[in-house]
Amino acid sequence: MKIPHSKPFLGRDDIEKVQSSLVTGMIASGSEVECFVKEVSEYMGVIGGVASNSGTNALHLALLASGAGPENEVILPSYVCSSVLSAVKYTGAEPVFSDIETDGYRNGYGLSPESVKNSITERTNSIILPHMFGTPAKVDAIMEFGIPVIEDCAQSIGADYKGRKAGSFSDLSIYSFYATKVITTGNGGMTLTNNPELLEKLKDLTKYDGRDEYGVSYNYALTNFQAAMGRNQLRKLDGFIEKRKKIAGSYSDVLEDIGQRFPENSDSIHFRYVVEVESGELDSLIAEMRKNGVMCEKPVFMPLHRYFGINREELPNTERAMNQAISIPIYPAMKETEVEYVCDTIRKLWK
Ligand SMILES: *Cc1c(COP(=O)(O)O)cnc(C)c1O
């Protein structure tokens, strides 16, 4: 048995929707995309936004709307994929890395309010706050600092936090519909807002025709046939989340059985199932799991501060996660026999 680390869930219904969209001949961005934006906005409980061709570009648009540029700074975690940093770099703003929470099992791997507070200067423009691995970060506490927050929901669409959708708290939120994200359009993204002024700004940034005066615009459009897939995936989202929670429950039962801690944040939609092991044991455990056909990974390839030679002691929780966190395959396309096999392999290899 070989179980990939992640895999999209594509049904015949998704393919049929794409096909019906294609035969209309309207293959660029049009009404299908508008419907997709409207439906995701309604699902999230916000007023609207713009679709784009990737989460990275959706984040770029959010940063531009919030006024990030060469004269200011943007706070982001180091413990995240490099595309988040790239979006900051596109704007010319200076990235400032903050540390994540202690105790990932309970708090997840989002930014710690304490560390964010210490990173704020008079040049801070905004804070990018990913709800990492499907677990909501403490967005309410971080918004209290009075700096605009961009909620990065690339891994967390559908997660609830304090009775609302994580992503609906701050003025701006972004989404990714990359192949292996929670729902997919192949590649794709969205920037949503609850602020009418920001909505106008986002529309203006992406409008490349019919202007009276020239303004730089960003052609990040999603296509109708991708949106057709996205709309169909959105209908299945709550079912996907249920499936993820069920698989997570199976893993947690096994870990509890063998006396290991397990992720205990009940808000998580388990985009990733992350467990920490003794540092020094991580690489060999990942290798052993893989040898047995269970393709585990480090959940973040490389914390961003290491690219810049930043002192490791400054981000102790990021270093801890990097040295100890292992991500076990979890996705709705997993078959029951595969889940059982992963459970058996954990029992066999983890002491
Ligand atoms: C995937 C991801 C992105 C970027 O999305 P793409 O669609 O791959 O460009 C941004 N932020 C986070 C947290 C992600 O996981």
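What radius of gyration does the protein chain have, and what would a compact globule with 351 residues have? I began with this question, keeping in mind that the model is predicted. I found 20 Å for the protein chain, which agrees with the value near 20 Å that a compact globule with 351 residues would have.

**Entry on the whole chain.** I then looked up the box that the C-alpha atoms fill, and along the principal axes I noted roughly 70 × 50 × 35 Å. Of the 351 residues, 57% count as buried. Turning to contacts between residues at least 6 apart in sequence, I noted that 68% of them join residues at least 24 apart. For the secondary structure I wrote down 12 helices and 11 strands in the protein chain.

**Entry on one helix pair.** Two packed helices are described by the angle between their axes and by the distance between those axes, so I looked up both values. Helix α3 covers residues 55-65 and helix α8 covers residues 196-206, and their axes come within 9 Å while crossing at roughly 120 degrees. The crossing of α3 and α8 is right-handed.

**Entry on the residues that meet.** On the α3 side I listed Leu 61, Ala 62, Leu 64 and Ala 65, which meet Leu 198, Lys 201, Leu 202, Leu 205 and Thr 206 on the α8 side. Sorted by class, this contact of α3 with α8 has 7 nonpolar, 1 polar and 1 charged residues.

Definitions and conventions:
Residues numbered from 1 in each chain as written. Predicted model: local features only at pLDDT ≥ 70, side-chain atom pairs only at ≥ 80, totals over all residues. Heavy atoms only, no water. Axes fitted to C-alpha atoms, helices over the stretch in contact; angles between N-to-C directions. Helix = DSSP H or I, 4+ residues; strand = E, 2+ residues; numbered from the N terminus. Left-handed = near helix turned anticlockwise from the far one by under 90°. Contact = heavy atoms within 4.5 Å. Nonpolar A, V, L, I, M, F, W, Y, C, P; charged D, E, K, R; others polar. Rg over C-alpha atoms; globule rule 2.2 N^0.38 Å. Buried < 20%, exposed > 50% of the residue type's maximum accessible area, 1.4 Å probe, protein only.
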